Amino acid sequence: MTSAPISGHTQLAAVIGHPVRHSLSPAIHNAGFASCGLDWVYLAFDVAPGGAPGALDAMRSLGIVGLSVTMPHKDAVAAAVDETTPAAANLGAVNCVINRDGHLTGDNTDGDGFIAGLEADLALDVAGMSCVIVGAGGAARAVIDALVRNGAASVGVVNRTPDKAETAASLAGGRGRVAGPDEIGTADLVVNATSVGMAGTAGEGVTPFDTSLLRSGQVVVDLVYEPSVTPLMAAAQRAGCRVGGGLAMLVGQAAVAFTAWTGVDAPVSDMTAAAKKVLAARGGH
Ligand code: ATR
């Protein structure tokens with residue numbers, strides 16, 4: 001794996017967000033470019049709230065080929081690009097912009113990244129599965145949309161705030177509904193899409209629901225990736241569940257974006273290794 005020297009030909013991709021300095025995306029994408037011998041670099045830009053339209057103008061004028069978009073800009077970018085993909089339009093949120101000769105297409109690769117992560121980590125196909133999603137924010141909505149597109153039989157949404165659960169469940173049409181925590185024990189697939197359990201937050205060390213509900217044979221995926229084994233994942237392992245972590249979705253969504261920008265298959269294992277290295281250097285892994 002060698003990086004090309006930066007030259008007058010080097011292409012630029014970047015992430016905008018606020019805050020953005022702890023983003024793993026530069027490590028993931030630069031490892032991908034180096035692994036494929038691509039003359040590209042990827043930087044992080046801290047763009048204040050309200051600054052997304054200006055960042056898109058800069059993308060056009062500077063010829064930035066690819067942009068990742070994270071909080072708080074996903075909705076504003078969806079409203080400001082020239083075109084959105086069906087996934088981005090359904091969600092009203094863009095996490096990836098592709099610049100083709102100044103025409104900006106906004107995509108949302110979180111859902112496809114989630115599905116790719118399940119395949120890579122657990123060799124899992126969600127077709128026909130009954131699913132329960134805990135949480136109803138942006139990550140939950142992307143997962144719900146992708147589960148339905150990939151043939152899940154049903155999607156129950158469990159959330160602290162019922163109104164948001166209703167809105168998220170409606171993304172699944174006739175297969176979606178608001179669910180109670182008791183349904184966690186009967187689903188084939190349970191996904192934590194809340195931030196509960198994330199290192200460095202008030203929820204660190206906490207599980208997002210009563211894990212005594214879990215049963216052997218269920219698949220449990222925690223979208224939290226820091227720590228690498230969350231309290232939920234540890235409890236699900238003890239209960240005999242098959243367990244996946246959040247890094248697979250993080251790298252999965254980046255891999256879909258990488259291919260959209262470069263036209264090259266993403267080197268997922270090298271990208272994953274780069275993310276793990278950064279997380280390990282932060283401690284706790
Ligand atoms: P993201 O875009 O990463 O999904 P988000 O939009 O802020 O983040 O959504 C976070 C989700 O985690 C929400 O469903 C939130 O519940 P509310 O809709 O009730 O706000 C959920 N969440 C966050 N902290 C929580 C906690 N301590 N207990 C239960 N749910 C929590």
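**Terms and their grounds**

Modeller: The shell around the ligand divides into three nonpolar, seven polar and two charged residues. Here Ala, Val, Leu, Ile, Met, Phe, Trp, Tyr, Cys and Pro count as nonpolar, Asp, Glu, Lys and Arg as charged, and the others, Gly among them, as polar. This is a predicted model, in which local features need pLDDT of at least 70 and side-chain atom pairs count only at pLDDT 80 or more, while totals for chains, interfaces and linings use all residues. Residues are numbered from 1 along each chain as its sequence is written, and side-chain values use heavy atoms, with hydrogens and water left out.

Biologist: Which residues surround the ligand?

Modeller: The ligand is surrounded by Gly 135, Ala 136, Gly 137, Gly 138, Ala 139, Asn 159, Arg 160, Thr 161, Lys 164, Thr 194, Ser 195 and Val 196; a residue is near a molecule if one of its heavy atoms lies within 4 Å of it.

Biologist: What lies 2.9 Å from an oxygen atom of the ligand?

Modeller: That is a polar side-chain atom of Arg 160, at 2.9 Å from a ligand oxygen. A polar contact is a pair of N or O atoms within 3.5 Å (within protein, one must be able to donate a hydrogen and the other to accept it, and residues adjacent in sequence count only if both atoms are side-chain atoms).

Biologist: Why does Gln 218 count as buried?

Modeller: Gln 218 has 4% relative accessibility, and buried means under 20% relative accessible area, exposed over 50% and partly exposed in between, with a 1.4 Å probe and protein chains only; Gln 218 therefore counts as buried. The side chain of Gln 218 reaches the backbone oxygen of Ile 184 at 2.8 Å, and a polar atom of that side chain lies 2.7 Å from the backbone nitrogen of Arg 215.

Biologist: Why does Phe 33 count as buried?

Modeller: Phe 33 counts as buried because its relative accessibility is 1%. Phe 33 has its place in helix 1 (residues 25-36), where helices (H or I, at least four residues) and strands (E, at least two) are DSSP runs numbered from the N terminus.

Biologist: Which residues of helix 8 are buried, and why are they said to line one face of the helix?

Modeller: In helix 8 (residues 231-238) the buried residues are Leu 232, Met 233, Ala 235 and Ala 236. Seen down the axis of helix 8, these buried residues fall within an arc of 165°, so they line one face of the helix; the arc is that of the directions from the helix axis to the C-beta atoms.
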